[in-house]
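Visitor: I would like to know how the labels on a model like this are decided. Please take me through some of them.

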Amino acid sequence: MSPAYHPRAYLAGMKNVNRGLTSRTKIIGAIEQGKTRVSEISEKSKLGHGCVSYHLRLLLKKKVVSMTRKGRTGRWTLTKYGQEKLFS
C-alpha cells in the first residue's frame, strides 16, 4: 500500500517521485500547522533548509504556496488552491 500524500504534493507536468511527494507533503503539513519561515518549516518537517527551499520554489511555481517578504525574512502561506482538499 502506498503512503498517504497530501493532494497538492503532486505537481502536474513534473516527475513526481516518492521522495519529492513525501517532502512536499511534510512541507505543506508544516505550513498548515502555522510554520511560515523556511527555518520553522525545515525544523518541523525534519528536512534540510536547501530541500525545503527547493520544494517551496516548485510549489510556488504551481501556485500552491505564496511568499511575502517582511524585511529579509520570507513568510510562506498556502494559497486558496493549496488549501483545497481533493477527494476521490
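Visitor: What makes the span of α1 close to the expected one?

Guide: The expected span of a helix is 1.5 Å times one less than its number of residues. Helix α1, residues 18–32, has 15 residues and reaches 21 Å from first C-alpha to last, close to the 21 Å expected. Helices here are DSSP runs of H or I with at least four residues, and strands are runs of E with at least two, numbered from the N terminus. This is a predicted model, in which local features need pLDDT of at least 70, side-chain atom pairs count only at pLDDT 80 or more, and totals for chains, interfaces and linings use all residues. Residues are numbered from 1 along each chain as its sequence is written, and side-chain values use heavy atoms, with hydrogens and water left out.

Visitor: Why is Lys46 called exposed?

Guide: Exposed means over 50% relative accessible area, buried under 20%, and partly exposed in between (1.4 Å probe, protein chains only). Lys46 has 73% relative accessibility, so Lys46 counts as exposed. Lys46 is in the loop between α2 and α3, and has a positive phi of about 60° although it is not a glycine.

Visitor: How do you know whether Lys63 is buried or exposed?

Guide: The relative accessible area of Lys63 is 58%, so Lys63 is exposed. Lys63 lies in the loop between α3 and β1, and its phi is near 65°, a positive value in a residue other than glycine.

Visitor: Which residues of α1 are buried?

Guide: Among them are Leu21, Ile27, Ile28 and Ile31. The buried residues of α1 pack against α2 (38–45), α3 (49–61), β1 (65–70) and β2 (73–78), where contact means heavy atoms within 4.5 Å.
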